[in-house]
Amino acid sequence: MSAPFPALQFLRCPVCGAAFSVQEKSLVCACGHCFDIARKGYVNLAGARRTEALYDRALFESRRRILQSGLYAPVVEALCEQIARYAPQRTLLVDAGCGEGFYARSLAPLFEAVVAFDLAREGVALAASGGERAHAAYLVADLTRIPVRDGAADVLLDVLTPACYAEFARVLRVGGILIKVLPREGYLCQLRALAAKGAYSNRDVLARMDDACAGGFAPLVRRAVTYTRPLPAGLRGDAVRMSPLSHREAAFDAAALQALTIDLEIAVLRRSA
């Protein structure tokens, strides 16, 4: 048998729900479903399913450079504060829709183990090659079939990605917390202006979150994180490329992107039943 795969004890087969073991260079469940471990260390548990072509490696590489520039450091600080306040037990963090892995890596020191997944293979491949992963499992997986055991997670993180509250409730232990980060009206407003997009509204997202609070989650806090920072010239092209909003990059004048506004809401909900 090969060396243990990170967070193996928390994983389950997305096909049948059985536990995994490592055999040679694969994860194999008790029912015989087999998933190869890629050379970079991640596992594709979603099969041949594909994401939109807009979410390519170039997008995730640009996003990584923007995130690593420090522009989102206040967001990470706010997340750490909420975890410190509301999650005294920190065995497992699940990062749903992890993209290139910035938040999973940033928060990993707070937890014994991390499971980070996304349906975009290019993002997960980049995440798995992005540094220390001794206790972090990176997976290509479907939000509607999270490959994590029932009640295993202490914290589930959902940053700027769709939510599947039924699955979130399944994988969180009772008393565990869901941290959902959603955009507010001013988020990346300069980029939206370049892309000729109208004002954003998070009304529908909030309505779905309110429904979740009526079905197994209790709201704890909602906090806005809002600021505008100047954007160095060397990052303006990355800022244009990092979002599918601006996939027609050639049509935009990146030099006009002098600053970016981060306008986010962090909602913390407790798994109550």
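How many nonpolar, polar and charged residues does the lining of the largest pocket have, by class? The legends below take up this point and others in a predicted model.

View 1. By class, the lining has 26 nonpolar, 6 polar and 9 charged residues.

View 2. L160 sits in the loop between β8 (153–159) and α5. L160 counts as partly exposed because its relative accessibility is 37%, which falls between the 20% and 50% cut-offs.

View 3. Is A7 buried or exposed? With a relative accessibility of 8%, A7 counts as buried.

**View 4. An open sheet of 3 strands.** The strand order is β1-β2-β3, and the pairing is antiparallel. β1 (20–23) and β3 (34–36) are the edge strands. Each has a single partner strand, so one side of each lacks a neighbour in the sheet. Neighbouring strands of this sheet are turned by 25° against each other on average, direction ignored. Strand β2 (residues 26–29) runs antiparallel to β3, and 3 bridges join the two. In β3, C34 is the bridge partner of V28.

**View 5. The ring pair of F102 and Y103.** The structure holds 4 aromatic pairs. One of them is formed by F102 and Y103. Their ring centres lie 4.9 Å apart and their planes meet at 75°. The pair is therefore edge-to-face, since the angle is over 60 degrees. Both F102 and Y103 are buried.

**View 6. An aromatic cluster of Y165, F168 and F217.** Ring pairs link these three residues into a cluster. Which geometry does the pair of Y165 and F168 have? Y165 and F168 are edge-to-face, with 5.9 Å from centre to centre and 75° between the planes. Both residues belong to helix α5 (residues 165–171). Y165 and F168 are 3 residues apart there, so about one helical turn separates them. Y165 counts as buried at 14% relative accessibility. F168 is buried too, with a relative accessible area of 0%.

**View 7. R203 and R271, a pair of residues set apart.** At 63% relative accessibility, R203 counts as exposed, because the cut-off for exposed is over 50%. How far apart in space are R203 and R271, C-alpha to C-alpha? The distance between R203 and R271 is 22 Å, and they are 68 residues apart in sequence.

Definitions and conventions. Residues are numbered from 1 along each chain as its sequence is written. This is a predicted model: local features need pLDDT of at least 70, side-chain atom pairs count only at pLDDT 80 or more; totals for chains, interfaces and linings use all residues. Side-chain values use heavy atoms; hydrogens and water are left out. Two strands pair if DSSP finds at least two bridges between them. Helices (H or I, at least four residues) and strands (E, at least two) are DSSP runs, numbered from the N terminus. Axes are lines fitted to C-alpha atoms, for helices over the stretch in contact, and angles run from 0 to 180 degrees between N-to-C directions. Ala, Val, Leu, Ile, Met, Phe, Trp, Tyr, Cys and Pro count as nonpolar, Asp, Glu, Lys and Arg as charged, and the others, Gly among them, as polar. Rings of Phe, Tyr and Trp (its six-membered ring) pair if their centres lie within 6.5 Å; planes under 30 degrees apart count as stacked, over 60 as edge-to-face and the rest as tilted. Buried means under 20% relative accessible area, exposed over 50%, partly exposed in between (1.4 Å probe, protein chains only).
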